[in-house]
Amino acid sequence: MTSILNADLHCHSVVSDGTLTPEQLAARASANGVELWALTDHDEVSGQQRAAAAAKAHGMKYLTGAEISVTFAGETVHIVGLGFDANNPLIQQGLEATRGGRGARAMEMAAGLAAVGIRDAYEGALKFVGNPALISRTHFARFLVESGVCKDTYEVFRKYLTEGKPGYVPHRWATLKDAVGWITQTGGLAVIAHPGRYKFSANEEYALFSEFKAHGGTGVEVVTGSHTVAEYVEYADMAREFGLAASRGSDFHSPDESHTDLGTLPYLPGDLTPVWELLADRIQ
């Protein structure tokens, strides 16, 4: 399979912080011409069987997926795992431990919002949560929009829930070594998600790529929903420099919130190795 393939290997369902079910996502991906799909919920694999079955029903090829939260150089970085064995206890237990800190963090976030007069935010956020163990800033953001505090989620993140603003609570996630290990030791391939989103200096970014590669990481998202055209070029260069395969994914969460729909991104640059070529034997 070449780089000229409509692969969408990054999106989210109600199992984490998306608004559609795995079945609805599969139908949408198929309608948009996606040929190879992966559901990559945050720190969670419980939607994988449903997603794989739905992909098959729509005639799409499927790769298992998850987006793992990692703390690196004081920032949250996301590592996408593709093609791993979702039933393996190693990755299931690792993700469960990573999710475990979310409940306490959510209570602290609600307390921070209450301190500036926004009451009952925890209960409000819970209304938007398909899986209470995965309550996140996105759910609080939807509550703040619904309750009229902010007009959209962009305003939420400008005024609340980010560093230095009310409701912000940092979280210690998995280490880069752990996340890459869980993926590779269960037969999958690790990918740095949307590198253009991290606020790293050039040296910190170089350290991320170097350490990722040293731990056995294999790929980087070059074409993704939050990257600019200039960033497609920049991270294609980084893939070449570090000898990484390239991935492509919309990071779709919701028809109402996401800039980029499933399956609508440009193709990968032709000279890069697509991650799916390295995962040919894992495609369902």
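Which residue has a side-chain oxygen that reaches to the backbone nitrogen of L90 at the start of α3? In this predicted model, that residue is N88, whose side-chain oxygen comes to within 2.8 Å of the L90 nitrogen.

The secondary structure of the protein chain amounts to 11 helices and 8 strands. The C-alpha trace spans about 55 × 45 × 40 Å along its principal axes. A compact globule of 284 residues would have a radius of gyration near 19 Å, and the value of 18 Å for this chain agrees with that. Of the 284 residues, 54% count as buried. Among contacts with a separation of 6 or more, 73% join residues 24 or more positions apart. The accessible surface comes to about 11800 Å², and carbon and sulfur atoms contribute 51% of this area.

Helix α3 itself covers residues 89-99, and its buried residues are I91, G94, L95, T98 and R99. Viewed down the helix axis, these buried residues fall within an arc of 135°, so they line one face of α3. An α-helix has 3.6 residues a turn, so residues three or four places apart point the same way. On the other side of α3, Q93, E96 and A97 are exposed. What do the buried residues of α3 pack against? Their partners are strand β4 (65-72) and the helices α4 (102-114) and α8 (176-184).

Elsewhere in the chain, three strands form an open sheet in the order β1-β2-β3, with parallel pairing. The edges are taken by β1 (7-8) and β3 (61-62); each has a single partner strand, so one side of each is left without a neighbour in the sheet. Strand β2 (residues 36-37) is joined to β3 by 2 bridges, and W37 has Y62 as its bridge partner in β3. Strands of a sheet pair through backbone hydrogen bonds, either parallel or antiparallel.

Is L82 buried or exposed? Its relative accessibility is 0%, and therefore L82 counts as buried. Leaving aside residues up to four places away in sequence, L82 touches a set of residues including L9, A38, T40, T64, G65, I183, G188 and L189. Other contacts of L82 include V191, S247, V275 and L279. Between L82 and L95, which are 13 residues apart along the chain, the C-alpha separation is 14 Å. L95, in turn, is one of the buried residues of α3, which brings the account back to the helix where it began.

Terms used:
Residues are numbered from 1 along each chain as its sequence is written. This is a predicted model: local features need pLDDT of at least 70, side-chain atom pairs count only at pLDDT 80 or more; totals for chains, interfaces and linings use all residues. Side-chain values use heavy atoms; hydrogens and water are left out. Buried means under 20% relative accessible area, exposed over 50%, partly exposed in between (1.4 Å probe, protein chains only). Helices (H or I, at least four residues) and strands (E, at least two) are DSSP runs, numbered from the N terminus. The arc is that of the directions from the helix axis to the C-beta atoms. Contact means heavy atoms within 4.5 Å. A polar contact is a pair of N or O atoms within 3.5 Å; within protein, one must be able to donate a hydrogen and the other to accept it, and residues adjacent in sequence count only if both atoms are side-chain atoms. The radius of gyration is taken over C-alpha atoms; the globule rule is 2.2 Å times the number of residues to the power 0.38. Accessible areas come from the Shrake-Rupley method with a 1.4 Å probe; for residues, only the protein chains shown count as cover. Two strands pair if DSSP finds at least two bridges between them.
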